[in-house]
Amino acid sequence: MQIISQELVAQILSEIEKTGSSAKSILEKKFKKMGIDDPKIRGLVHAYVFEILKWRKKIDFIINSVLKGSKIEDLDLLLANILRVGVYEMKLKGVNPALATDSAVRLVKKHYGLRRAKFANAVLRFAEEFDEEKALTKLKEKDRIEYLSVKFSHPHWYVEYTIDLLGYENAIRLMISNNKPQRYYVRVNQLKTDIDKLKEYLEENNVKVAMTPIPDVLKVLEYEKPITRLEWYKLGYFVIQDLASAYVAHVLEPERGDRILDLAAAPGSKTFHVAHLMENTGEIVAVDYSLERLKRMREKMKILGIRNVKLIHADGMKFKDKKEFDKIILDPPCSSSGTYRQFPEVKWLFDEKKIKGVIKVQRAMLRNAYRNLRKEGEITYSTCSIRVGENEENIKYALSLGFELVDYPFDWGEKGFTDIGDKVFRTFTHINDCNSFFIAKLKKP
Ligand SMILES: C[S@@+](CC[C@H](N)C(=O)[O-])C[C@H]1O[C@@H](n2cnc3c(N)ncnc32)[C@H](O)[C@@H]1O
């Protein structure tokens, strides 16, 4: 890869870390700003960014093992990320180490001068000689969890947690599948076409697809050019939506004319799906805390031909409408620990303290959902988290508020945990080939 793209990758990685924004949105912003439209360059930069985010723990393990007196976390962000690019290239991508080192050192010289360039050169030379397999074997004897955490490049807490939840074998399978390339699913916009026509169109455009357990969703098996470049995508005939996420609207069972509230709606996948199922009848009130994300939702709604959604910039923990709602979608902010294959950057964003914080928000939103729901009204609660605390435990909390758990006939997916496990829905990336996900349906008696 040319030095310009390595610089771009390091800058994008720094921006993601600094802002906590998603890799995809930072990539898009950067491409737009620099006028990069060539799919080849975009693809290459995208792949570098995603692979480095995915393997960050392993890359940092190598760098920290050769750094003397400091840690990668202490370095200037851009410098740290240039080193990460260099180590990724030589250790994981199979680039000639001399070439990887040379381009990284040139970049460091450009941004930080000769002294730092010498430092980068020394770090990368040591990294080249470093025997990570030997170091990992040593680590395995000392701390088995940390060893797995480095080997599969997952957070320490995640390794511990998934072994506890799923057992050793399944935890390993899950981490291996999290590190595979993302799987795409497309959902038809029934306001504009139907699933058969969409299948035909995709196949005509060299996209190989397969049916899924969800009638309006197709699994993408192979494609030649990115599906977002297809005319029908640009015209809103279909959306890209993860399989489990596209089950939520079906579980909600919206009916024509319903009044529906979505308490954490952006970027809008589930709101749009419900709007499509209701064929623009009734009313959907879509609340979100992020104005930026609501603005993007408005743009997307135009493309998708949606006319029954009212967007509201408000706090989903407090928003109260004058009239109660027939149904509510509650897909609150969560640890996103089920989305590592899709968003590898989130691996490094959450720790126990932050997870406790999101659980508080989720519970406040459940309380608020109860206030906004009419008697006999129903709510779907969903998260893309693997944690029982954000899922089954929150449902038990909801039961303590007065909700009843609906015994919904989920016709695919896995069971959940605890004594309510049989009545809730889960998926796992290694079993269901989509995000690890949770759904439960509740009713206000
Ligand atoms: C998991 S995402 C929702 C995804 C969305 N349901 C979909 O299917 O596209 C969580 C959303 O909650 C929003 N959020 C976070 N805190 C919030 C709050 N206090 N009130 C409303 N929305 C909030 C975030 O901006 C984010 O868009």
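The following questions and answers concern how features of this predicted model are assigned.

Q: What makes the phi of Ser-153 worth noting?
A: Phi of Ser-153 is near 50 degrees, which is a positive value in a residue other than glycine.

Q: How do you know whether Glu-376 is buried or exposed?
A: Glu-376 has 9 other C-beta atoms within 10 Å. The cut-off for an exposed residue is 12 or fewer, and Glu-376 is therefore exposed. Glu-376 belongs to strand β9 (residues 373-383), and its phi, near 70 degrees, is again positive in a residue other than glycine.

Q: How do you know what span helix α2 (residues 23-34) should have?
A: The expected span is 1.5 Å times one less than the number of residues. For the 12 residues of α2 this gives 16 Å, and the end C-alpha atoms are 16 Å apart, so the two values agree.

Q: Which residues of α2 are buried, and how do you know where they lie around the axis?
A: The buried residues of α2 are Ala-23, Ile-26 and Leu-27. They cover an arc of only 100 degrees around the axis, so they lie on the same side of α2. The face turned away from that buried side carries the exposed residues Lys-32 and Lys-33. Just after α2, Gly-35 takes a positive phi of about 65 degrees.

Q: What makes β6 (283-288) and strand β7 (residues 309-313) a pair?
A: Pairing requires at least two bridges. β6 and β7 have 5 bridges and pair in the parallel sense. In one of these contacts, Ile-284 has Val-309 in β7 as its bridge partner. Together with helix α16 (residues 291-304), β6 and β7 make a right-handed β-α-β unit.

Q: How do you know which strands pair with strand β5 (residues 259-262)?
A: The requirement is at least two bridges. β5 is joined to β6 by 4 bridges, and these strands run parallel; Leu-261 stands opposite Val-285 in β6. β5 also pairs with strand β8 (residues 325-330) in the parallel sense, over 3 bridges, and the partner of Asp-262 in β8 is Ile-329.

Q: What makes the peptide bond between Ala-266 and Pro-267 cis or trans?
A: Omega is about 5 degrees, and the bond joining Ala-266 and Pro-267 is cis. Pro-267 is found in the loop between β5 and α15.

Q: Which residues come nearest to the ligand, and what makes up the shell by class?
A: Of the 19 residues around the ligand, Ala-264, Ser-269, Tyr-289, Gly-316 and Asp-331 come nearest. The elements giving two or more residues to this shell are α15 (269-277) and β6 (283-288). By class, the shell holds 9 nonpolar, 5 polar and 5 charged residues.

Methods: Residues numbered from 1 in each chain as written. Predicted model: local features only at pLDDT ≥ 70, side-chain atom pairs only at ≥ 80, totals over all residues. Near = placed C-beta within 6 Å. Nonpolar A, V, L, I, M, F, W, Y, C, P; charged D, E, K, R; others polar. Buried ≥ 20, exposed ≤ 12 C-beta atoms within 10 Å, placed from the backbone. Arc of directions from axis to C-beta. Right-handed = clockwise from strand over helix to strand, strands pointing away.
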